[in-house]
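The stops below go one by one.

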Amino acid sequence: MIKKKNNEEKKPNKQVLYIKDNQVNRQLMKAIFDRKPHNLTIAETGELGLQSALEHNLDLTLMDIHLPRIDSKEVAQKLRKHEYYKKYAYCSSLSGCNEA
């Protein structure tokens, strides 16, 4: 077990998946996580995110609601069919708006 200098236990790095089709937002999230101890995997589409999630045991998935072809709801439904992800937390958000 890794110990900090002040004898507190060091928490393990978390595995985070970010699914977003907007390149600027992906770059921003990468810049944020470059300063954090957690491991970030980025996927451009719901399909790629789903594939990545099934290949790794993730701790958190952050994704856009409106993804091309497979949206975040469908990604979450497919992941919940797998035992590891049955009690898993997802965070979906809409990061843009449509002009009227």
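**First stop: the aromatic pair**

Select Y85: at 2% relative accessibility it counts as buried, where buried means under 20% relative accessible area, exposed over 50% and partly exposed in between (1.4 Å probe, protein chains only). Y84 and Y85 form an edge-to-face aromatic pair, 4.8 Å centre to centre with 85 degrees between the planes. The structure holds 1 aromatic pair. Rings of Phe, Tyr and Trp (its six-membered ring) pair if their centres lie within 6.5 Å; planes under 30 degrees apart count as stacked, over 60 as edge-to-face and the rest as tilted.

This is a predicted model: local features need pLDDT of at least 70, side-chain atom pairs count only at pLDDT 80 or more, and totals for chains, interfaces and linings use all residues. Residues are numbered from 1 along each chain as its sequence is written, and side-chain values use heavy atoms, with hydrogens and water left out.

**Next: the whole chain**

Zoom out and colour by secondary structure. The chain has 3 helices and 4 strands, in the order β-α-β-α-β-α-β along the sequence. Helices (H or I, at least four residues) and strands (E, at least two) are DSSP runs, numbered from the N terminus. Of the 100 residues in the chain, 29% are buried.

**Next: α2 against α3**

Select residues 46-55 for α2 and 72-79 for α3. How do their axes cross? They come within 10 Å and cross at roughly 25 degrees. The axes are lines fitted to C-alpha atoms, for helices over the stretch in contact, and angles run from 0 to 180 degrees between N-to-C directions. α2 and α3 are therefore roughly parallel to each other (under 35 degrees; over 145 is roughly antiparallel, 65 to 115 roughly perpendicular and the rest oblique).

Now show side chains. G46, L50, A53 and L54 of α2 make the contact with V75, K78 and L79 of α3; contact means heavy atoms within 4.5 Å.

Pick out L79 in helix α3. At 1% relative accessibility, L79 counts as buried. L79 and L54 are 25 residues apart in sequence, and 7.6 Å apart in space, C-alpha to C-alpha.

**Last stop: R69**

Go to the loop between β3 (60-64) and α3, where R69 sits. Phi of R69 is near 65 degrees, a positive value in a residue other than glycine. R69 is exposed, with a relative accessible area of 65%.
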